[in-house]
Amino acid sequence: MAGSASTTNTKPMNLKLRVWRQPNRQTEGRIVEYNVKDISPDMSFLEMLDVLNEDLLRAGTDPVAFDHDCREGICGSCDLFINGRSHGPEKGTTTCQLHMRKFSDGDTITIEPWRANAFPVNKDLSVDRSAFDRIIQAGGYVSVNTGGAPDGNEIPIPKEIADRAFEAATCIGCGACVAACKNASAMLFVSAKVSQLALLPQGKVEAQTRVENMVAQMDIEGFGACSNIGSCAAECPVGISLENIAILNREFLTAKAASNNLA
Amino acid sequence: MELFSKAPEGPLAEKWDKHKFNVKLVNPANKRKYDVIVVGTGLAGAAAAASLAELGYNVKAFTYHDSPRRAHSIAAQGGINAAKNYQNDGDSVFRLFYDTIKGGDYRAREANVYRLAQVSVNIIDQCVAQGVPFAREYGGLLANRSFGGAQVSRTFYARGQTGQQLLLGAYSALSRQVAYGKVKMYTRSELLDIVVVDGQARGIVTRNLVNGEVQTHAAHAVVLATGGYGNVFYLSTNAKYCNVTAPWRAHKKGAYFANPCFTQIHPTCIPVSGDYQSKLTLMSESLRNDGRVWVPATKEIAERLRKGEIRVQDIKEEDRDYFLERKYPAFGNLVPRDVASRNAKMMCDEGRGVGASGLAVYLDFADVIKRTSAQAVSQKYGNLFEMYEKITDENPYEMPMRIYPAVHYTMGGLWVDYNLQTTIPGLYATGECNFSDHGANRLGASALMQGLADGYFVIPYTIGDQLAQTPPKPVTTDHPAFAEAKAAVQARVEQLLSINGTRTPDDFHKALGHIMWEYCGMARNAEGLKHAKAEIQKLRREFWQDVKVVGSGEEMNQALEKAGRVADFLELGELMIDDAFNRNESCGGHFREEYQTPEGEALRDDDNYAYVAAWEYKGDNQPEVLHKEELVFENVKLTQRSYK
């Protein structure tokens, strides 16, 4: 690593892990301690868990279940609550992109699943986030069928608006915002989709019913009210801005003012 | 069985229109009487499920993820091609068709590729209408960039996250149909077999990954949109769950597997850093628009650099070999992926590689930062630079990136006709899991195009042809074939759990990956392939005697899932070796060392190998039978690809 300006850890580490183990939704869970040895600082956090799981499996013990897939920080599958923080200590980083160089030899690391009523545990560290899908199904789309769309350049969109919509649209749906919030609120997730579509001319047509339906579904799913503290945005791995919640609130109030209260 | 492509006769530009007119239509009132299963919810699957539901069919969609939005299409970075010619730089449907056929080294079917280029323009319109926030110019119109292997700017993009934005668009369309009740969504459900009744695909067997329940589902047609099999190499840019199980189960039920050895090695990935490495991360090819690829001019300088005696900044301009610019002045750093990858390997083989392992070359942004600004570079590639720094702990604004080729995409897949139907009637394959459009090498920004083309604009038309000839009577899982397939799936789960050996599924997977990368990777030869075949057979025997999976089948059991996928990779690997051995030529991603030009470029043999190799499964441990679909080129002249 010639020329690296980093001051982070470079030597292999031994760590103590405190991991939430829970066989299934019906059974109570508990913290179990494990030791892992010779962890390279260049490993990702999930590669460190791979090492643990290979050891457990060879010893005939059930490996720790956790969700993961792309390991590039974009699919939103990984969802670990590490030392009391969504996705761990590094700002703007998903668990899969967190590297062990951010930890030190001898550290104790506590690993839990997301904690929220709306995200019940499947097993160990894997939770059920289908509530997010149902919120999108309630209105997180533009109602256009395939075919018959006008030319892509038919409606010019100012670059600044397109960029802001893009920023909101980069939400990966991981649920870190919910896990970080003391009320387990899904406001940041919902607001990201509401603003993306409210900003774009294509989404404006249904803006009113969309925000009403999505917020109603959010409440049905059992997410809490916004705490107004902003821990969601502080812990969001892709930097979804709190500004989106302001847009959501404005959209919601405007919608309700003119609403038939269909939702 | 003779392979019949069903590609329509007549002039190229009229084939698709003619075909759309000739395919039978299903009466609108009858559409709701047909059930269609779609497996996979990436671009091809989500687009197909949404579009078929909009037409009125009853769709059941399946994904092994916790949500359809997680599919690996989401990780595509660079962009999507479309022949819009918005930039007035000479693009056209024919040029996109020509580039794709040529880029694929003349091993794709003309009619399919032309159709792909035709519908590419509709994809952009559709996505914009869905609210996909593509990059735009200050005037408010859509922005484009040029992308690996193309001399026109036809790539639409959303910063470095185009796949994410397109997938979320398709996911939103799918979600809308779920809300309408036209799509029934099954998440965390993995396909473990295809059910064939009287020669027709009639359903699937799935396992619920949360509680282990094995279920059967019936339909009038089954669409597979399950992605590629690059993870046969263990290390690839694919997501960890990507696997070959769905197409492989279909193959064992009668679907031919085409050109399995055509795998794409992407030139710009972050190099391997250790044995624990679980996957490789791609650095978008768009970086080659501005980054310059180089290695030290001599072995001696490279050695001193690797030993840490000198720093990269100390290497003088004249001691740097910008080998792509030197060898290919016309295309420079933008040569197609296979050419760029092979050249990087050549440099490292010569001992001029960089990084601790010597298995890397530089991708340098110093010039563009000097010419514009660090801020301008960040605007274009900010998230990629950040990702690179997170993984490597090096800052690419200050020192060149280290990159090395890695397995990225598989051009091979289930053989399909012009309707995207496999050799099992009623079973379709779309997106990366079919073989049809990219020949022996895929051009950058064409995977997203193909996935969405198949899902939005091809399968909704072509599936009707089959369904219109199927009586609109309800289908059920009552036929004994369903119970048989279910019992077979359960027996296999039990078998994997009962072995209780000493080696983990990952252990076998890594061993397989080593064999495949060494002997069936960037360069192949007959001797090596023979050796690899024997090694894989041995590894497969060991697997079934010594794999270790604990727990039960009635719970969430990720080691069990993994074991099943590895078992299928161990069979696919051997077929890839057979296919690579059979193809005595070099073309695209398939480079047989025995067949090269004096300059070391791929040497095709059009007289003997201008065909699609489609393999028929004949039973466990039986040699597969080769069927050939001769490729006829009426609209392009076969030339040796030259990017000089």
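## Chain A at a glance

Chain A carries nine helices and seven strands (DSSP runs numbered from the N terminus, H or I of at least four residues for helices and E of at least two for strands). This is a predicted model, so keep the cut-offs in mind: local features need pLDDT of at least 70, side-chain atom pairs count only at pLDDT 80 or more, and totals for chains, interfaces and linings use all residues. Residues are numbered from 1 along each chain as its sequence is written, while chains are lettered from A and ligands numbered from 1 in the order in which they are written.

Of its 263 residues, 51% are buried (20 or more other C-beta atoms within 10 Å of a residue's own; 12 or fewer is exposed, in between is partly exposed, and C-beta atoms are placed from the backbone). Take the contacts in chain A between residues at least 6 apart in sequence, and 72% of them link residues at least 24 apart (a contact means C-beta atoms, placed from the backbone, within 7 Å).

## Two domains in chain A

Chain A splits into domain 1 (13-123) and domain 2 (129-144 + 155-257), with bounds from an automatic or database domain assignment. Their centres, taken over C-alpha atoms, sit 28 Å apart. Each side puts residues into the contact: 17 from domain 1 of chain A and 17 from domain 2 of chain A. On the domain 1 side there are six nonpolar, eight polar and three charged residues (Ala, Val, Leu, Ile, Met, Phe, Trp, Tyr, Cys and Pro are nonpolar, Asp, Glu, Lys and Arg charged, and the others, Gly among them, polar).

## Where chain B meets chain A

Between the chains, 70 residues of chain B are in contact with 75 residues of chain A. Several helices of chain B supply at least two residues each to that side, among them H3 (43-55), H5 (110-130) and H13 (447-467). The largest share, nine residues, is from H6(B). By type, the chain B side holds 28 nonpolar, 24 polar and 18 charged residues.

The largest nonpolar core has 287 residues (a set of buried Ala, Val, Leu, Ile, Met, Phe, Trp, Tyr and Cys residues joined through C-beta atoms within 7 Å). B:Leu224 is one of the members that touch the most others. Beyond its neighbours within four places in sequence, B:Leu224 has contacts including B:Val39, B:Ala246, B:Leu414 and B:Cys433.

## A sheet in chain B

Chain B has an open, antiparallel sheet of five strands, in the order S11-S15-S14-S12-S13 (strands pair if DSSP finds at least two bridges between them). S11 (263-269) and S13 (320-321) of chain B are the edge strands with a single partner each, so one side of each has no neighbour in the sheet. S11(B) pairs with S15(B) (401-410) over five bridges, with B:His266 opposite B:Ala406.

## Two arginines with positive phi

Most residues other than glycine have a negative phi. B:Arg159, though, has a positive phi of about 40 degrees, and B:Arg188 has one of about 45 degrees. B:Arg159 lies in the loop between S4 (155-156) and H6 of chain B, and B:Arg188 in the loop between S5 (183-186) and S6 (189-197) of chain B. B:Arg159 counts as buried because it has 24 C-beta neighbours inside 10 Å; B:Arg188 is buried too, with 22.

Key. Contact = placed C-beta atoms within 7 Å.
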